[in-house]
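Dear colleague,

Please find below the structure that I am handing over to you. My findings follow directly after it.

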Amino acid sequence: RLVGSEMCIRDRGKSLNVCWLVSRVEVPHVKALAMVLEFVWIGSTRNAQWRALERDYLQRINRYLPTSLAAVRELKKTDSRQIDAQLKRETASLNRRFKKEDYVICLAGQGKQLSSTDFARFLDELQIMGKRRACFGVGGHLGLSPEFQKRADFRLSLGKMTYPHEM
């Protein structure tokens, strides 16, 4: 039985309205081990309001699946001649957070867009396949290196719009 719950951020007076459908599979008389969701990104969230939203969403998601959050150190901005080197170092930092058996999802503008329902089904399918951890990799202001995107098991796009990095 698929059980779903919609989670939304709504900011009155502004055009911010982000919703996710979080679901879980309930199997009668079977205690399933839950998959862990881990979110890893480059740089820390500096804005207190965004950090409060992070905490709120983690609490909501934790009702359905164990969730963790990690930020890897953001490298100092380099000049345009050193972008490849910076991306390479950031990729190494992200990769150290993931295990070989993890299912890695990178957020990329060229990734696949999913509806809330399709995203919930996608997570359910990962659990059914026996995945223990689904890890979301989010790049810094330069994005994610092509190497990291190739290493990822799935590329997810949140849409064609560009969002502030802390969001």
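Arg-97 is partly exposed, with a relative accessibility of 37%; here buried means under 20% relative accessible area, exposed over 50% and partly exposed in between, computed with a 1.4 Å probe on protein chains only. This is a predicted model, in which local features need pLDDT of at least 70 and side-chain atom pairs count only at pLDDT 80 or more, while totals for chains, interfaces and linings use all residues. Residues are numbered from 1 along each chain as its sequence is written, and side-chain values use heavy atoms, with hydrogens and water left out.

Arg-97 forms a salt bridge with Glu-38, their closest N and O atoms lying 2.9 Å apart. A salt bridge is taken as a side-chain nitrogen of Lys or Arg within 4 Å of a carboxyl oxygen of Asp or Glu. The pair links distant parts of the chain, since Glu-38 belongs to strand E3 (residues 36-42) and Arg-97 to helix H2 (residues 83-97), 59 residues apart. Helices (H or I, at least four residues) and strands (E, at least two) are DSSP runs, numbered from the N terminus.

Glu-38 counts as buried, at 3% relative accessibility. Its side chain also meets that of Arg-133 in a salt bridge (2.7 Å, N to O). This pair, too, links distant parts of the chain: Arg-133 lies in strand E6 (residues 133-138), 95 residues from Glu-38 in strand E3. Arg-133 is buried, at 15% relative accessibility.

By the same rule, the count comes to five salt bridges. One of them joins the side chains of Asp-118 and Arg-121 (3.5 Å, N to O). These two residues are about one helical turn apart, because they are separated by three residues in helix H3 (residues 116-128). Asp-118 is partly exposed at 35%, and Arg-121 is likewise partly exposed at 44%. Elsewhere, salt bridges that share partners join Glu-38, Arg-97, Asp-102 and Arg-133 into one network.

I turn now to helix H1. Helix H1 (residues 48-62) has 15 residues. Glu-54, Tyr-57, Leu-58 and Ile-61 of H1 are buried. They lie on the same side of H1, because they cover an arc of only 105 degrees around the axis, the arc being that of the directions from the helix axis to the C-beta atoms. The face turned away from this buried side carries the exposed residues Gln-49 and Gln-59.

Technical notes: Expected span 1.5 Å × (residues − 1).
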